[in-house]
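Please look over the structure below. A short briefing on selected features follows, grouped by topic.

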Amino acid sequence: MIDRYTRPEMGAIWTKENKYRAWLKVEIAVCDALGKLGVIPDWVAGQVEKQAKIDVDRIEYIEHNETRHDLIAFVKGVSEHVGEAAKYLHFGVTSYDIEDPATMLLLRESLDLIIGEAKRLEANILRRAKEHKHTLMIGRTHGIHAEPITLGFKLAVWMTEVQRGIERLQQAREVISYGKISGSVGTYANINPRVEQMVCQKLDLKPAPVSTQILQRDRHAQLLTAMVILSCSLEKFATEVRNLQRTEIREVEEFFHQGQRGSSSMPHKRNPWVSEQVCGIARVMRGYLVPGLENVTTWHERDLSNSSVERIILPDACCLLHYQLFTFANIVDKLIVYPENMRANLDRMGGLVASQQVMHALIEKGLTREEAYKVAQENAMKAWEGGSFRDLLAQDPRVTDKLTPEELKACLAPEFHLKNLDVIFDR
């Protein structure tokens, strides 16, 4: 992933040097297990751990000019520094006995960063939801005024969605915390199954119950699915910010830094560009899911079609989602709220959004539902043409014969709709 969308701590996980260090960690664990089982000398693991060096340039030179195989180039590059222990390095194992457990370690480390950012976002949303628990605004369905809600309610919806996203990531973390040291087709033909158990225990992984040459890619697909769903949730939230920041609505606004420029040609512009960035990233994230799902299929016990794909989509998806979470958590943290605009928008059509409450009040006073609906709708349609729903009702004898001015005022009050809102916040 390009530097612009890579946080330093995530980028450090996916460097070539760190990938080779993860491979070396697995190789050392294999040597240690083989040594303890008496298959190779017990000093090998210690010597490799002490003397091994990761020279990225040298390893890549060997790959491109000699082996045309990255894992063999890695083993050869490390072997140049470990003396007699080189004889036993990579003994009895195949490439993906090393690469797959190492990739899971990198994914798990990345996922811990991602979950950490998701929890920071959850905390920011919860804080702002409590802050605006009673900040009245209009709820919209189909983009049209519906009934009153509060900003805190809207944010509570976001928070629970983020919580589900975290749960999916945690489930995916369990699914990817597996390794395999089972040989070229997974039958342990050249390696003791106990080695797999010992290596996985040392790496804090679980041995796959059964594997081929590789761990099965439904695990990676589940991880990507969980990540993409959360990315789409962030897009949903950011889209809401973008809509509410529109000039004719202007109920919330991204924080605008001193000296920030919104346009190269229009000095007045304050654009929701960070939210737009969050939305754009989700488009890329969704693009990673299809190849991740296609990687589930391999020919027989293994082919190479997944490899080139994973070199791109796994580190890129981790970098992008981590950046996306970090960015949107900051948007929420400093989101500017305009309660006075919310109230003005809420009252824009003279209480029109209380039509359901008027209908219910008339039913309680003896009208049939059809009659009450008709009275409320006829006055509502006049309000759409420019009148005040409140004034129209006060002039309609079908209403005034049934409701006192105080009763009419009560059911037109926006707060009427929020009498049960505490139930949601108490959950």
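**Backbone, cores and surface**

Tyr188 sits in the loop that links strand S3 (178-179) to helix H8 (193-202). This is a predicted model.

**Positive phi angles**

- Tyr188 is not a glycine, yet its phi is positive, at about 60 degrees.
- The relative accessibility of Tyr188 is 23%, so this residue counts as partly exposed, given that buried means under 20% and exposed over 50%.
- His90, also not a glycine, has a positive phi of about 70 degrees.
- His90 is placed in the loop between helix H5 (70-79) and helix H6 (95-131).

**Nonpolar cores**

- The largest nonpolar core comprises 101 residues, and Phe74 and Phe328 have the most contacts inside it.
- Another core, of 21 residues, lies apart from the largest one; among its members are Met359, Ala380, Phe389 and Cys411.
- Cys411 has a relative accessible area of 5% and is therefore buried.
- Leaving aside residues up to four places away in sequence, Phe74 is in contact with Tyr20, Trp23, Leu24, Glu27, Ile54 and Ile59.

**A buried glutamate**

- Glu251 belongs to the loop between helix H9 (218-244) and strand S5 (252-253).
- With a relative accessible area of 0%, Glu251 is buried.
- When residues up to four places away in sequence are not counted, Glu251 touches Met137, Ile138, Arg140, Leu244, Ile336, Val337, Tyr338, Asn341, Met342 and Asn345.

**Cysteines**

- There are zero disulfides in the structure.
- Cys200 takes part in no disulfide, and the nearest cysteine sulfur, which belongs to Cys31, is 15 Å away; a disulfide would need the two sulfur atoms within 2.5 Å.
- Cys200 counts as buried because its relative accessibility is 2%.

**Surface patch**

- A nonpolar patch on the surface is formed by Ile144, Met381 and Trp384, which together have about 310 Å² of accessible area.
- Ile144 is part of strand S2 (residues 144-150).

Definitions and conventions:
Residues numbered from 1 in each chain as written. Predicted model: local features only at pLDDT ≥ 70, side-chain atom pairs only at ≥ 80, totals over all residues. Heavy atoms only, no water. Patch = residues over 30% accessible without salt bridge, like charges linked within 9 Å, V, L, I, M, F, W, Y side chains within 5 Å. Areas by Shrake-Rupley, 256 points an atom, 1.4 Å probe, with all protein chains shown as cover. Salt bridge = Lys/Arg side-chain N within 4 Å of Asp/Glu carboxyl O. Helix = DSSP H or I, 4+ residues; strand = E, 2+ residues; numbered from the N terminus. Core = buried A, V, L, I, M, F, W, Y, C linked by side-chain atoms within 4.5 Å. Buried < 20%, exposed > 50% of the residue type's maximum accessible area, 1.4 Å probe, protein only. Contact = heavy atoms within 4.5 Å.
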